[in-house]
Amino acid sequence: MRRLLARRMKFHLFGAFIVSVGCAALYKFGVADPRKRAYAEFYKNYDPMKDFEAMRAAGVFESAPPK
């Protein structure tokens with residue numbers, strides 16, 4: 001029973017480190033990178049003035065009445 005806590009602690013710390021690195025990698029490649037690509041693709045062809053004119057024509061803005 002001697003050093004039981006120390007032996008178990010080494011095992012659990014190593015396991016926790018492996019699990020945390022795995023979760024971080026999974027989040028990066030599964031969520032963050034696809035999200036960055038989606039934003040880059042959206043803003044590649046985005047025209048803010050065209051979007052503004054569409055919202056203006058729909059009557060979204062009070063300070064910019066539709067033409």
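Modeller: Helix H2 (residues 48-58) holds both Glu53 and Arg56, which sit 3 residues apart, about one turn of the helix. In this predicted model, Glu53 forms a salt bridge with Arg56, and their closest N and O atoms are 3.8 Å apart. That separation counts because the cut-off is 4 Å. The two partners are described by their accessibility: Glu53 is partly exposed at 33%, whereas Arg56 is buried, its relative accessible area being 18%. Arg56 is classed as buried because the limit for that term is under 20%.

Glu41 forms a salt bridge with Lys44, with 3.4 Å between the closest N and O atoms. Here Glu41 is partly exposed at 44% relative accessibility, and Lys44 is exposed, with a relative accessible area of 59%.

The remaining pair to describe is Lys28 with Asp33. Lys28 forms a salt bridge with Asp33, and the closest N and O atoms lie 3.4 Å apart. Lys28 is partly exposed, at 40% relative accessibility, while Asp33 is buried at 18%.

As for the total, a search of the whole structure finds 3 salt bridges. In general, side chains of opposite charge can pair when their charged atoms come close.

Technical notes
Residues numbered from 1 in each chain as written. Predicted model: local features only at pLDDT ≥ 70, side-chain atom pairs only at ≥ 80, totals over all residues. Heavy atoms only, no water. Salt bridge = Lys/Arg side-chain N within 4 Å of Asp/Glu carboxyl O. Buried < 20%, exposed > 50% of the residue type's maximum accessible area, 1.4 Å probe, protein only. Helix = DSSP H or I, 4+ residues; strand = E, 2+ residues; numbered from the N terminus.
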